[in-house]
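Colleague: I would like to go through this model with you. Could we begin with the charged pairs?

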Amino acid sequence: MASVSIIVTTRNSSRTLAACLTSVLNQTHHDNELIVVDNDSSDGTEGIAGRYADILLHAGPERSAQRNAGLHAAHGEYVLFIDADMVLDPDVVSSVLAQAERGARAVAIPEVSFGEGFWSRCKALERCFYADDPVVSAARFFPRALVQQLGGYDETLHAGEDWDLSMRASGDAPLAFATATIRHDEGRQTLGALFAKKYYYGKSLPRFVRKCGSRALRRLNPARGSLLCNADRLFRNPIVGAGVVVMKSAELCGILFGMVVGDQFPDS
């Protein structure tokens with residue numbers, strides 16, 4: 001039976017962390033190692049992690065560095081990277097292992113969103129369009145030796161780092177998808193918070209584009225094929241559908257502003 005190291009990155013994640021780690025412990029595949037990598041939390045996250053984790057680490061300043069720290073400490077034949085606001089279906093690990101047994105070097109896991117309030121409903125509607133889109137999705141599950149050989153996540157990227165590793169790991173092979181899903185807890189979103197998040201990510205995206213070229217631009221294109229193909233679903237619920245349009249416009253503005261600012265400091 002293959003062993004899997006499940007690496008969870010945290011920063012002030014006390015609201016969602018217990019549900020996330022409980023879902024890891026409740027996997028139908030039992031040969032798992034749970035590694036939590038915290039980035040200087042101040043809200044009780046570390047105490048929660050200590051009750052569940054096999055290994056608790058501290059690393060930063062960004063998620064890529066946290067994931068690489070977890071990778072270096074891992075013992076499993078495979079590694080699975082998740083975030084602290086995610087809840088795994090019980091058969092997620094079994095499902096990704098099944099794809100690995102078929103020869104997949106990188107496996108993505110479809111995500112569905114849930115949360116409170118109007119903008120979280122908009123985010124949930126948008127995310128459902130991308131469940132099996134190989135352009136938008138990024139792998140979370142890899143053979144540990146492969147990720148180590150590739151040098152792990154690129155710590156110079158604060159956005160696009162998951163796409164970057166996914167592309168390097170899968171090579172020319174199509175991205176494989178698990179049949180199980182991850183539920184992503186969006187909490188209560190606000191339009192301002194969504195803009196700010198994309199602005200922050202946007203500042204790192206020029207480096208991602210310079211590194212990955214046309215493959216990066218395909219992933220950043222707001223006119224995504226899976227979104228356009230499901231446009232009729234926006235009209236079935238016109239209020240939320242209109243919200244998705246407003247939300248995507250705000251996020252796009254945040255990304256563009258961030259890219260303009262970030263590109264002034266390309267080596268920072």
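Modeller: A salt bridge is a side-chain nitrogen of Lys or Arg within 4 Å of a carboxyl oxygen of Asp or Glu. This is a predicted model, in which local features need pLDDT of at least 70 and side-chain atom pairs count only at pLDDT 80 or more, while totals for chains, interfaces and linings use all residues. Residues are numbered from 1 along each chain as its sequence is written, and side-chain values use heavy atoms, leaving out hydrogens and water.

Colleague: How many salt bridges does the structure hold?

Modeller: There are 18 salt bridges in the structure. In one of them, Glu186 pairs with Arg127, their closest N and O atoms being 3.0 Å apart.

Colleague: Which parts does that pair tie together?

Modeller: Glu186 lies in strand β10 (residues 182-188) and Arg127 in helix α5, so the pair ties together parts 59 residues apart in sequence. Helices (H or I, at least four residues) and strands (E, at least two) are DSSP runs, numbered from the N terminus.

Colleague: Are Glu186 and Arg127 buried or exposed?

Modeller: Both Glu186 and Arg127 are buried, where buried means under 20% relative accessible area, exposed over 50%, and partly exposed in between (1.4 Å probe, protein chains only).

Colleague: Which residues form a network with them?

Modeller: Through shared partners, salt bridges join Arg63, Arg67, Asp83, Glu111, Arg127, Arg140, Glu161 and Glu186 into one network.

Colleague: Changing topic, what does Leu80 contact?

Modeller: Beyond its neighbours within four places in sequence, Leu80 is in contact (heavy atoms within 4.5 Å) with residues including Val4, Ile6 and Phe141.
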